[in-house]
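Hello,

Here is the structure I promised to pass on. Please open it first, then read my notes below.

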Amino acid sequence: MRMIEAFETYETTVCRIQTARSNHLGYPYNLTERSSVPALLGNWLINNLGDPFSGSHFGSEVCGLERDVVSWLMKLWDCDRTEDYWGSVGASGTEGNLWALYLAREALPDATLLYSDDAHYSIAKSARILRIKSRRVDSHPDGSIDLGALRVALHDLQGQTVIVALTCGTTIKGAHDDIAGAILALDQIGFASSRRFIHIDGALNAMVLPFADGAPRSIRPSFRLAIDSISTSGHKMIGTPMPCGVLVARRRYVDRVAQSISYLRSNDTTLMGSRNGHAVLALWSNLFGRGVDGFAADVAGCLHRAQRLARALDYEGVPVLLNPYSLTLVFPEPADDLVRKYQLASYDGRSHAIVMPSVTAELIDQFQADYLAWWSTGKGRAQSSLAIVA
Ligand SMILES: *Cc1c(COP(=O)(O)O)cnc(C)c1O
């Protein structure tokens, strides 16, 4: 047998990932190590084929645990009558966004999608895949949607139907769109609930804001506001060891698209047929293992450390943006070796760091020292004219 040339050995891979994990600051991933999938089940195929609420003929599934995961989030997001809602575990936050916009388009086939400049790229991509006509709306310098610009767009579309994608925790600036303000604009400009669909992309902060003391109701991911769906990522605040996500939507939209697939003895209500049961197990053990109190403690700690880092940078004259109730800091992009060491996501001369539960006070101290040493060389000051709001 001819040996295939290896790109990397197992040992160097483990070593590389260990280093990457310990210095990680740039992505909103909770890298806290938790044993989420029991070893025995980890070696078995677990496939949640078909609709989580009807199960399927395939026996090696954990649809019951999936419904528990979905119910946990329904409660967190204020679904008062859970029977009026549906939810499922998907491959990622992106799949949740795509599927929500599909449900919206099926209900409102001619609708125009409105989303802000700071929305995640998966929103525009979903619109392209689904061939939904769309229009971008300006956002404020802090990253939240400009409701004045939204009103202008709504006036232009008067008499038509709209899908509005709002963000709870934007990717770059960690901003929260004013959900209640957007709904008020829709109401006042004459978009009754039958002519609109509101999706909340809460990939990171739909699992942060419900635990943040004092966060205003207007930006909270809550079905008591007249929204239609919320999606979140499993590997961000929840901390699963594999990418995954959860979508919750009003059930009437899902019933509309459900088709019965007789050979599965299930309903076709999900984008993927076969779905990752291990992701469900990981979500289930993290949500029920940490519990509401555990996440509340995580979020309080993260907010505290994020604010401490922002104050320390601000004290040295670094222009830094940290939105209220947010874990995302934006500052001038430092030297390349620091960007690489801390895996800082950077664009347009700015970088961001996200203070997750795995970002310890020690890691922050080390980063702060490295960053301020670079800042004191004066190389960063050329960028301090950037329009970063403090
Ligand atoms: C990370 C992120 C996504 C995408 O989530 P994935 O789980 O990586 O697909 C979508 N929206 C926002 C706001 C995000 O920050």
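Two helices, α4 (93-107) and α8 (234-238), each give at least two residues to the shell around the ligand. The largest share comes from α4, with three residues. Please keep in mind that this is a predicted model.

The shell holds 13 residues. Those that come nearest to the ligand are Gly93, Thr94, Asp201, Ser233 and Lys236. By type, the shell divides into ten polar residues, two charged and one nonpolar.

The side chain of Asp201 has an N or O atom 2.6 Å from a nitrogen atom of the ligand. Thr171 places a polar side-chain atom 3.1 Å from a ligand oxygen atom. For Ser92, an N or O atom of the side chain is 3.3 Å from an oxygen atom of the ligand. How much of the ligand does the protein cover? On its own, the ligand has 380 Å² of accessible area, and the protein covers 89% of that. The space that the ligand takes up is the largest pocket.

Now turn to the sheet. Four strands form an open sheet, in the order β10-β11-β13-β12, with antiparallel pairing. Why is one side of β10 (321-322) and of β12 (345-347) left without a neighbour in the sheet? Both strands stand at the edges and each has a single partner strand, so one side of each has no neighbour there. For β12, three bridges join this strand to β13 (residues 350-354), and the two run antiparallel. Find Ser346: the bridge partner of Ser346 is Ser351, in β13.

Best wishes

Key. Residues numbered from 1 in each chain as written. Predicted model: local features only at pLDDT ≥ 70, side-chain atom pairs only at ≥ 80, totals over all residues. Heavy atoms only, no water. Near = heavy atom within 4 Å. Polar contact = N/O pair within 3.5 Å; in protein donor to acceptor, adjacent residues only side chain to side chain. Areas by Shrake-Rupley, 256 points an atom, 1.4 Å probe, with all protein chains shown as cover. 1 Å grid on protein atoms, 1.4 Å probe; cavity = no way out; pocket = protein on both sides within 12 Å on 5 of 7 lines; lining within 4 Å. Sits in = over half its atoms within 2 Å of the grid points. Nonpolar A, V, L, I, M, F, W, Y, C, P; charged D, E, K, R; others polar. Pairing = 2+ DSSP bridges.
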